[in-house]
Amino acid sequence: MASSKLNKKVFDLKEASTTVKDLRITFDSGKTRSYEWKVSQLKALLELTEKHEKEIVEALYSDLSKSEAESFIQEVGMLKNSCKTALKELKHWMAPEKVKTSITTFPSSAEIVSEPFGVVLVISAWNYPFLLSLDPVIGAIAAGNAVVLKPSEIAPATSSLLAKLLGEYMDNSSIRVVEGAVDETSALLQQKWDKIFYTGNGRVARIVMAAAAKHLTPVVLELGGKSPVVVDSNINLQVAARRIIAGKWGCNNGQACISPDYIITTKDYAPKLVDALKTELEQFYGKNPLESKDLSRIVNSNHFDRLIRLLDDDKVSGKIVHGGEKDKSKLRISPTVLLDVPRDSLIMSEEIFGPLLPIITVDKLDESFDVINSAPKPLAAYIFTNNNKLKEQFVKTVSAGGLVINDTTIHLAVHTLPFGGVGESGVGAYHGKFSFDAFSHKKAVLYRSFFGDASIRYPPYTSTKTRLMKALMGGGFLAIIRALFGKS
Amino acid sequence: MNNNIGVEVEETVRDLRQYFKTGKTRSVTWRKNQLKALLNLIHENEDAISKALYQDLGKHPVEAYRDESNIPLVFFPAKGELLPEPLGVVLIFSSWNFPIMMALDPIIGAISAGNVVVIKPSEQAPACSSFLANILPHYLDPNAIKVIEGGGDVCEQVLLQKWDKIFFTGSPRVASIVMSSAARNLTPVTLELGGKCPAIFDYPSDFKMAVKRIVGAKWGVCSGQACIAIDYLLVEEKYSSELIELLKKFMRKFYGDNMMESKALSRIINKHHFERLCNLLKDPLVAASIVHGGSVDETNLFIEPTILLDPPLDAEIMTEEIFGPLLPVITVNKIQESIEFINSRPKPLAIYAFTKDATFKKKIVSETSSGSVTFNDTLVQFLCDTLPFGGVGQSGFGRYHGKYSFDTFSHEKAVLHRHLCLEIEPRYPPWSKFKLEFLRLAYRLNYFGLVLHMVLHMLGLKRHN
């Protein structure tokens, strides 16, 4: 409604500062640290997801033309599972971890206590705007923090739905949504946070980390990269092709951080792979994929233009072996496969984040590892092979956030695996207990008694004390006995 | 001049990266050999280490041995679905107060994780820096571990390079600069800082032993120039005079009647810090609160162990980390007030509490935040290898010691193995109501419902589009 937009307060530095101050007061009251509060908030998140699934799916359709199936499976379903896991495991996560102590601190007992950082900032992305906003928030709440969520303005329907629903269902004294774009984000980044969790791209991640550095704020940066797929011969090609398609076009039409970005296969095998992809693509999306309701659109004209530029590149335009159709009015590009694009083309130097899948070929598959390792470390890397030796080599030599053998993207759903990057693909990880840990400070607590004080600790230092100390610190039991008897 | 340093540093990093790529540092044998060599280095060079530490800090050899030569050996192989791998080329900044330990301790973590390392020792401890630069190449693989010496200009050039991890021990001011630099390359960092580490003094079961430990934890570690040294004491008003008398007694016992002559006390690292500490005492209200000590010797950079009783809380001595031999004793009405006092200040690296009250202990743990909490003792948390050592808030982030050292220099890579045989049709588009319902049931782990759903569908009893 027009009038409500006019009355909307500008979110400037003053507003940002007030928000943080308010949340800090709530946090200092200890409210967010209780098990009961955490459970109430996690249950509220679950409730709002279940009760408003239809609106969520509609918002995702509005922002991304995401199919109901994808919205349910990849956003709503995942988020519900994440909530349920947290509710189930919370008591166990919150329990202090007892640790062993050694002779150097005898007698003593020790434990590691998890405590919340305080007031944290979660900045979310546009491609999975529901999941990537609330999944980190689950971790923040489970760990007992107060949270500000800044959803992406590039997915405005979801952003505004999140603001509305969290406002209605969650404890507003400790959980807030701030909508907006660059100005609002900058105002937020100038505040002192106890932790910042950012999902997005490398360029903005640098800005976030630099802002965090001013306050020595620890960060988690969930970024992306060019996730490669190595395809061997002698495999079940139909299944492999389906899994590649599911991970590429089945994930927001390739606009996902762990979507297969490009394929590496042998020169001999490439034609077979291309055929398999063509066949399965038609099965999935029909003869006219530009019209398929099962494919998300390109999010906006900026990204549309960016992707077209990748295709219009002289070095690349002749390499299209499938697809290449586009419709700017509907922001649609059909699933496109390219073969043998030059390694120095634009499409091979930046993260594609769209429905274009280049295949590069090598003579022998071992060469693929060098290709991958000569580029920045991606968030994920995939290999399809039945050759155990190749699997081993892949796992050993390819560095990425996560690896999957004989599938794509699915490791995202395994909550016992940490999900995060390395190098350019990010810092830190989350999912399952890793989310709780990402938002917790692990405090070391040592309980000592007064029994058994060793005078050797104190000056004046004598040679006897020195001998005894050396023995105690590294010599083992026999050495201690010898030292006591005056031998070194 | 900067250009030359810059070129040299760039070359060093390039060489290291090349060496890392050969994969040599990833072998178990290589790592074990390096760690053994490090142990030998320490055993065979105890005297030289003592000498260097004495030169830089006037450290007593026993203190030096206790604090700098105890190196834990650490190596953990990979297993299962989480594969630790080295980050690559790592940079370690060590501090000036424990110049050997703060260099070697992180190096051990970096090597056990399979990385190549550049260590940049603090230029404020030049004898130790030299020692490391000369001795490390003789024991460790010089292609994999390099020492870069120098001051601010060298640090600047070093920070211009792309590192896969930076491990920094030092002050918050410099930490912020290091992290800002790291941000340019999204380099993960561990920042081991400090803070005003308080010691809460409730009436404990053994008053004497507690005081002994306090004295040892203030002046017995580099004359208070340690990140986990006790910065200030909190005590109930009615016990303050007894506490101070006992403090004086043990100080005299450890350091003699003429403390200015004691060989068991380190001196202040340099003129800059000496002046900084003297300035803390210049405020007339602060000077008036001195109840013991206060003498300074500018020639020898020596400051007498000094106790102050209730200096003004807004004076610099109570707002900045002291990092020196001055101990403010702050009185409160009830010892429980300590919690609020501590919470109104930045989070410290360590909180010490001498108490036998179990409820109070619980409150301290749950209501304050710090890197660590130690009850009825001081400093020993540093020796406990099973405890993570690191800060929170202004005292830093990240941690090390024991396995945490290995972890801090590793990337934990998730690996998922799947088979190409097992297939679930409903995974793929085109989506239909049948598939959607299947997935909903699967998500809810409703196996019975799933089977029923499939059976009914097969029998044609359920209509779907």
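How far is the sulfur of B:Cys384 from the closest cysteine sulfur, and in which residue does that closest sulfur lie? The distance is 16 Å, to B:Cys227, which is too far for a bond. The model is predicted, so local features are given only at pLDDT of at least 70 and side-chain atom pairs only at pLDDT 80 or more, while totals for chains, interfaces and linings use all residues; side-chain values use heavy atoms, without hydrogens and water. Residues are numbered from 1 along each chain as its sequence is written, with chains lettered from A and ligands numbered from 1 in the order in which they are written.

A disulfide is a covalent bond between the sulfur atoms of two cysteines. Here the term is applied to a pair of cysteine sulfur atoms within 2.5 Å, and over all chains the structure holds zero of them. B:Cys222 is another example: B:Cys128 has the closest cysteine sulfur, and at 9.9 Å from the sulfur of B:Cys222 it is too far for a bond. Both B:Cys222, at 0% relative accessibility, and B:Cys384, at 1%, are buried. Buried means under 20% relative accessible area, exposed means over 50%, and partly exposed lies in between, with a 1.4 Å probe and protein chains only.

Chain B as a whole has 18 helices and 17 strands. These elements are DSSP runs numbered from the N terminus, helices being H or I with at least four residues and strands being E with at least two. Of the 465 residues in chain B, 60% count as buried. Contact means heavy atoms within 4.5 Å; among contacts in chain B between residues at least 6 apart in sequence, 71% join residues at least 24 apart.

Two loop residues of chain B have a positive phi without being glycine. For B:Leu186 the angle is about 55°. B:Leu186 sits in the loop between α8 (172-183) and β6 (189-192), and at 2% relative accessibility this leucine is buried. For B:Asp310 phi is about 50°. B:Asp310 belongs to the loop between β12 (306-309) and α13 (316-319) and is partly exposed, at 35% relative accessible area.

In chain A, helix α3 (residues 35-51) packs against two other helices. Axes are lines fitted to C-alpha atoms, for helices over the stretch in contact, and angles run from 0 to 180 degrees between N-to-C directions. With α5 (residues 68-94), α3 makes an angle of about 165°, the axes being 9 Å apart. The two are therefore roughly antiparallel, given that angles under 35 degrees count as roughly parallel, over 145 as roughly antiparallel, 65 to 115 as roughly perpendicular and the rest as oblique. Residues in this contact include A:Leu42, A:Leu45 and A:Leu46 of α3(A) and A:Leu79, A:Cys83 and A:Leu87 of α5(A). By class, the contact has 12 nonpolar, one polar and six charged residues. Nonpolar covers Ala, Val, Leu, Ile, Met, Phe, Trp, Tyr, Cys and Pro, charged covers Asp, Glu, Lys and Arg, and the others, Gly among them, are polar.

The axes of α3(A) and α7(A) (residues 156-169) come within 10 Å and cross at roughly 130°, which makes the pair oblique. Here α3(A) contributes A:Ala44, A:Glu47, A:Leu48 and A:Lys51, and α7(A) contributes A:Leu165, A:Leu166 and A:Tyr169. Five of these residues are nonpolar, none is polar and two are charged.
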